[in-house]
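Work through the exercises below with the model open beside you, and try each task before reading its solution.

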Amino acid sequence: MFSRSIARRAFSSTAANPYKVTVIGAGGGIGQPLSLLLKLNHKVTDLRLYDIKGAHGVATDLSHIPTNSTVKGFGPDQADGLKNALTGTDVILIPAGVPRKPGMTRDDLFSINAGIVRDLAKSIADAAPKAKICVISNPVNSTVPIVAEVLKEKGVFDPKKLFGVTTLDTIRASRFISEVAGTNPTQEKVPVVGGHSGITIIPLISQTTHKLLPKEKRDALIHRIQFGGDEVVKAKNGAGSATLSMAQAGATFANFVLSGLDGEKDVISPSYVYSPLYKSEGIDFFSSPITFGPEGAAKVNPIGEISAEEEELLAKAKETLKKNIEKGINFVKQSKL
């Protein structure tokens with residue numbers, strides 16, 4: 001249900017249209033490896049890195065890599081640093097914010113990251129209203145609605161141009177299911193729908209070749225995919241969360257967006273977007289397979305047939321998603337008071 005040629009597309013050496021890409025939060029644990037991977041993507045010819053500190057150093061370091069792109073660092077120490085990093089850019093990736101620590105849920109991050117994302121959305125609305133925006137900052141279930149609400153207030157919201165990056169869930173699903181089934185993870189494609197935290201993450205095992213996994217193994221697999229982030233936080237002993245795998249996921253997703261801009265056909269991958277699928281139930285944002293095109297999200301695809309067990313997961317996910325979305329929207333509304 002999503003692109004079958006991630007590696008080939010990401011690092012193809014064939015000529016492509018030149019694109020400007022901005023990473024906001026480029027000096028952080030996700031931002032640095034994400035920026036490296038984008039430097040290696042031949043579709044990116046103008047890479048702009050912004051952070052409160054460190055972006056200049058990261059940009060200089062990456063500028064020594066011999067690929068066909070320029071890299072510039074921007075910071076608040078420059079006049080109009082953020083504005084210059086954004087103006088005229090095609091794609092923006094936002095890993096800015098604080099990482100998760102042991103015992104924290106993604107919702108625990110809300111009080112800090114919500115304000116950061118809100119303020120960045122205001123700058124984007126002013127300096128780059130036509131850019132495709134890829135939100136990585138957690139909790140994605142709430143931060144994407146925050147960005148949408150700010151863009152609406154500024155009169156520049158285009159649902160086709162705003163994405164929540166859920167690709168980490170799909171790459172984890174491919175890896176984890178291969179470990180259970182003893183297969184090659186590069187050949188495993190697991191659609192993951194819903195949202196991007198805990199029980200809102202719904203891996204559709206029924207749509208894979210492993211739909212007959214024993215219930216015990218299937219339940220354990222689903223739980224591991226849903227809470228894979230906790231595994232990393234624990235293993236890093238409080239020193240951080242998923243950064244390297246998230247960077248790979250972010251770079252992969254950026255390449256889907258760039259491939260759509262470049263006119264490639266049948267580029268499909270799940271993303272958390274402003275969606276019509278469950279709008280009648282009061283759920284304005286949902287992750288499902290998206291077909292990418294020159295305008296961004298060319299089509300929001302349905303999730304397809306799912307098992308009775310997955311229907312139950314979906315029902316529970318909807319309850320939480322609705323609350324997460326309302327939390328983001330209410331934050332913007334209250335911050336105006």
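**Exercise 1.** Describe the make-up of residues 166–331.

Solution. Start from the record: an unreviewed UniProt entry lists residues 166–331 as "domain: Lactate/malate dehydrogenase C-terminal", an annotation that may be inferred rather than shown by experiment. Over residues 166–331 the chain is 46% helix and 16% strand, helices being DSSP runs (H or I) of at least four residues and strands runs (E) of at least two. The end C-alpha atoms of this stretch are 22 Å apart.

This is a predicted model, in which local features need pLDDT of at least 70 and side-chain atom pairs count only at pLDDT 80 or more, while totals for chains, interfaces and linings use all residues. Residues are numbered from 1 along each chain, and side-chain values use heavy atoms, without hydrogens and water.

**Exercise 2.** Identify the residues that touch the most other members of the largest nonpolar core, and trace the contacts of Ile133.

Solution. A nonpolar core is a set of buried (under 20% relative accessible area, 1.4 Å probe, protein chains only) Ala, Val, Leu, Ile, Met, Phe, Trp, Tyr and Cys residues joined through side-chain atoms within 4.5 Å. The largest one has 59 residues, of which Ile24, Leu86, Ile92, Ile133, Val147, Leu162 and Ile303 touch the most other members. Next, leaving aside neighbours within four places in sequence, Ile133 is in contact (heavy atoms within 4.5 Å) with Ile92, Ile94, Ile124, Val147, Leu151, Lys161, Leu162 and Phe163. Apart from this core lies another, of 39 residues, including Val21, Val23, Val44 and Phe253. In soluble globular proteins, nonpolar side chains tend to be buried together.

Notes. Buried means under 20% relative accessible area, exposed over 50%, partly exposed in between (1.4 Å probe, protein chains only).
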